[in-house]
Amino acid sequence: MVTAASTPSVEVSAPLIGADASVEDYFALLKPRVMSLVVFTALVGMAIAPAGGLHPVLAAISLLAIAVGSGASGALNMWWDSDIDAVMERTRDRPVAAGRVAPHAALAFGMALSVGSVLVLGLAANWLAAGLLAFTIWFYAHFYTIVLKRRTVQNIVIGGASGALPPVIGWAAMTGNVAVAPLVLFDIIFLWTPPHFWALAILKNEDYSRAGVPMMPVIAGAAATRRQMLLYVLVLLPVGVLPYFLGFAGYVYLGVSTVFGALFLVSAINVMRFQEGPRADRACGQMFAFSILYLFVLFATILAERLLGLA
């Protein structure tokens, strides 16, 4: 395991002790952009499950519970990371780091949502799905945030498993089991996460270095990170077309995943080509933005094929 050589102490400003918070602040604790991705990928996991497994109303409640569980993870992450969030430009305006929400309030909020979401999912769907949700919350809030993030350069690689589990939870909620199809969706998200996040980490390298977070560009350097990004994309491409060959996606998906996979590869090659100056930053920014589009389009195509009866 590679660790940061040293982690500088980070002073936390006085406002972190506590302050008045608005509804918007508590909503921000949920990391709504991350939550939207979780909801969407969990919905696709539900959509590819065999029909008739769960009443539509219970399925909707289950999806809401998964969303709340994701938000709980975000709140617990901001509670623990408030010290480093406060010194990073990208995160300094988060509610706890900025002093708008007291740390103990964020912790209590996150814990309450964690317990509530798991119980609701267990009662609405089944306890396998609830157990997977509980594991996901623990994995992100404790294992990634507390154990991995400040200790190893592989933090986002290992921690990415938490973000890849929602399709599996969605499938489990509908069926009460786990199968190959949702695990393939897990693999797609898992392999997608490092090149997606490292593109941003290269751009925010000074932020992570100042906070003492051993992200790949900080420890291994930007050049090594770019090579790793390309390797992950190369492995992702064949995995990205597997839904068609395993029979839970159709010809439209095969075409879309092939084209967008090729474009993702082009973006990774551009990141390798331009390693210094404005063109390098632009290439990383474009890859980060395209990676979001890539994942959305693949999952949206699977969902559309299901809704239209094409797969």
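Where does K31 lie? I looked this up before anything else. K31 sits in the loop between α1 (23-29) and α2. I am working with a predicted model, and I keep that in mind throughout.

**Entry: K31**

I checked the backbone of K31 next. Its phi is near 50°, a positive value in a residue other than glycine. I noted the background rule beside it. Most residues other than glycine have a negative phi. Then I asked: is K31 buried or exposed? K31 has a relative accessible area of 13%, so it counts as buried. The cut-off for buried is under 20%.

**Entry: the largest pocket**

K31 came up again here. I looked for empty space in the model. Rolling a probe the size of a water molecule over the atoms shows where such space is left. How much space lies in the largest pocket? I wrote down about 1,400 Å³. The lining has 50 residues, and the closest to the pocket centre are K31, R33, V34, Y140 and F197.

Which helices each supply at least two residues of the lining? I listed α2 (32-47), α3, α6 (127-148), α7 (155-164), α8 (166-175), α9 (180-203) and α15 (277-308). I then sorted the lining by class. I found 28 nonpolar, 14 polar and 8 charged residues.

T136 and L148 are 12 residues apart, and their C-alpha atoms are separated by 15 Å.

**Entry: a nonpolar patch on the surface**

I turned to the surface. Which residues form a nonpolar patch there? They are V57, L58, I61 and V120. Together they have about 290 Å² of accessible area. Helix α3 (residues 56-80) gives the most to this patch, with 3 residues. I looked at L58, which is in helix α3. L58 has a relative accessible area of 33%, so I noted it as partly exposed.

**Entry: salt bridges**

How many salt bridges are there? The count comes to 7. I followed some of them up.

I started with K149 and D81. Their side chains meet in a salt bridge, at 2.7 Å from N to O. K149 lies in the loop between α6 and α7, and D81 lies in the loop between α3 and α4 (82-85), so the pair ties together parts that are 68 residues apart in sequence. Are the two partners buried or exposed? K149 has 9% relative accessibility, so it counts as buried. D81 is at 0%, so it counts as buried too.

D85 and R94 came next. They form a salt bridge whose closest N and O atoms are 3.4 Å apart. I noted both D85 and R94 as buried.

Then I moved to D207 and R210. Their side chains meet in a salt bridge, at 2.4 Å from N to O. Why are D207 and R210 separated by about one helical turn? They are 3 residues apart in helix α10 (residues 205-211), so about one turn lies between them. I checked each partner. D207 is buried, with a relative accessible area of 5%. R210 counts as partly exposed, at 41% relative accessibility.

**Entry: S209 in α10**

I stayed in helix α10 for S209, which has its place there. S209 is at 42% relative accessibility, so I marked it as partly exposed. The C-alpha atoms of S209 and I219 are separated by 8.9 Å. Along the chain, S209 and I219 are 10 residues apart.

**Entry: A97**

My last stop was A97. Where is A97 found? It is in the loop between α4 and α5 (103-124). A97 has a relative accessible area of 6%, so it is buried. I then compared its place with that of P243. Their C-alpha atoms are separated by 41 Å, and A97 and P243 are 146 residues apart along the chain.

Note on methods
Residues numbered from 1 in each chain as written. Predicted model: local features only at pLDDT ≥ 70, side-chain atom pairs only at ≥ 80, totals over all residues. Heavy atoms only, no water. Patch = residues over 30% accessible without salt bridge, like charges linked within 9 Å, V, L, I, M, F, W, Y side chains within 5 Å. Areas by Shrake-Rupley, 256 points an atom, 1.4 Å probe, with all protein chains shown as cover. Salt bridge = Lys/Arg side-chain N within 4 Å of Asp/Glu carboxyl O. Helix = DSSP H or I, 4+ residues; strand = E, 2+ residues; numbered from the N terminus. Buried < 20%, exposed > 50% of the residue type's maximum accessible area, 1.4 Å probe, protein only. 1 Å grid on protein atoms, 1.4 Å probe; cavity = no way out; pocket = protein on both sides within 12 Å on 5 of 7 lines; lining within 4 Å. Points joined across faces, edges and corners; volume = space filled by probe spheres on them. Nonpolar A, V, L, I, M, F, W, Y, C, P; charged D, E, K, R; others polar.
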